[in-house]
Amino acid sequence: MDEYHVCSLFVLALEDQRESVKLAVEKLEGAEVPVCNEVGKMVVVLEGDSKDGLVERFNKIKLLPGVLAVTLVYHQEDGISELKEANNDSQ
């Protein structure tokens, strides 16, 4: 595909299950958890080549045991050619 998608999510997990939720999220392709606090609040970043792929992972996160809520905070879509052009401009 010629697309690049990135989104950030706010995830609220049960406090006693936050580590298992974090590990399960990090096993998903293109997912990382840069912030996770002791009460189960976490920021999740998803990257991929299609909006449908991000939605699929969003829904998987919602269904994880211990997840109370998932909220989309940000989504951006860029064409691969736009990214290459921006990268060339920065060099």
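Author: One term is needed at the outset: a nonpolar core is a set of buried Ala, Val, Leu, Ile, Met, Phe, Trp, Tyr and Cys residues joined through side-chain atoms within 4.5 Å. Please also keep in mind that this is a predicted model.

Reader: In what order do the helices and strands of the protein run from the N terminus on?

Author: The protein has 3 helices and 4 strands. Read from the N terminus on, these elements follow the order β-α-β-β-α-β-α.

Reader: Which element gives the most residues to the largest nonpolar core?

Author: The largest nonpolar core has 17 residues, and those with the most contacts inside it are L9, V11, V44, L46 and I61. Two or more residues come from each of β1, α1, β2 (31-36), β3, α2 and β4. The element that gives the most to this core, with 4 residues, is β1.

Reader: Leaving aside its neighbours within four places in sequence, with which residues is V44 in contact?

Author: V44 is one of the residues with the most contacts inside the largest nonpolar core, as are L9, V11 and I61. Once the neighbours within four places in sequence are set aside, the residues in contact with V44 are C7, S8, L9, V11, V25, E32, V33, P34 and I61.

Reader: How many bridges join β1 to β4, and which residue in β4 is the bridge partner of F10?

Author: Strand β1 (residues 3-13) and strand β4 (residues 67-79) run antiparallel and are joined by 11 bridges. Within this pairing, the partner of F10 in β4 is T71.

Reader: Which residue in β3 is the bridge partner of V6?

Author: β1 also pairs in the antiparallel sense with strand β3 (residues 41-48), over 8 bridges. In β3, the residue bridged to V6 is E47.

Reader: Is V73 buried or exposed?

Author: V73 has its place in strand β4, and together with F10 and Y74 it forms a nonpolar patch on the surface, with about 280 Å² of accessible area together. Because the relative accessible area of V73 is 56% and the cut-off for this class is over 50%, V73 counts as exposed.

Reader: How far apart are the closest N and O atoms in the salt bridge that E26 forms with K22?

Author: The structure holds 2 salt bridges, and one of them joins E26 with K22. Both residues lie in helix α1 (residues 18-26), 4 residues apart, about one turn of the helix. E26 counts as partly exposed, since its relative accessibility is 32%. For this pair, the closest N and O atoms are apart by 3.3 Å.

Reader: Why are E56 and K60 separated by about one helical turn, and how far apart are their closest N and O atoms?

Author: E56 and K60 are about one helical turn from each other because they stand 4 residues apart in helix α2 (residues 51-62). E56 is partly exposed at a relative accessible area of 46%, and K60 is partly exposed at 42%. Side chains of opposite charge can pair when their charged atoms come close. In the salt bridge between E56 and K60, the closest N and O atoms are separated by 3.6 Å.

Reader: What share of the accessible surface of the protein belongs to carbon and sulfur atoms?

Author: Of the 91 residues in the protein, buried residues make up 31%. The accessible surface comes to about 5900 Å², and the share of it that belongs to carbon and sulfur atoms is 51%.

How values were computed. Residues are numbered from 1 along each chain as its sequence is written. This is a predicted model: local features need pLDDT of at least 70, side-chain atom pairs count only at pLDDT 80 or more; totals for chains, interfaces and linings use all residues. Side-chain values use heavy atoms; hydrogens and water are left out. Two strands pair if DSSP finds at least two bridges between them. A salt bridge is a side-chain nitrogen of Lys or Arg within 4 Å of a carboxyl oxygen of Asp or Glu. Buried means under 20% relative accessible area, exposed over 50%, partly exposed in between (1.4 Å probe, protein chains only). Patches are made of residues with over 30% relative accessible area and no salt bridge: like charges are joined within 9 Å, nonpolar side chains (Val, Leu, Ile, Met, Phe, Trp, Tyr) within 5 Å. Accessible areas come from the Shrake-Rupley method with a 1.4 Å probe; for residues, only the protein chains shown count as cover. Contact means heavy atoms within 4.5 Å.
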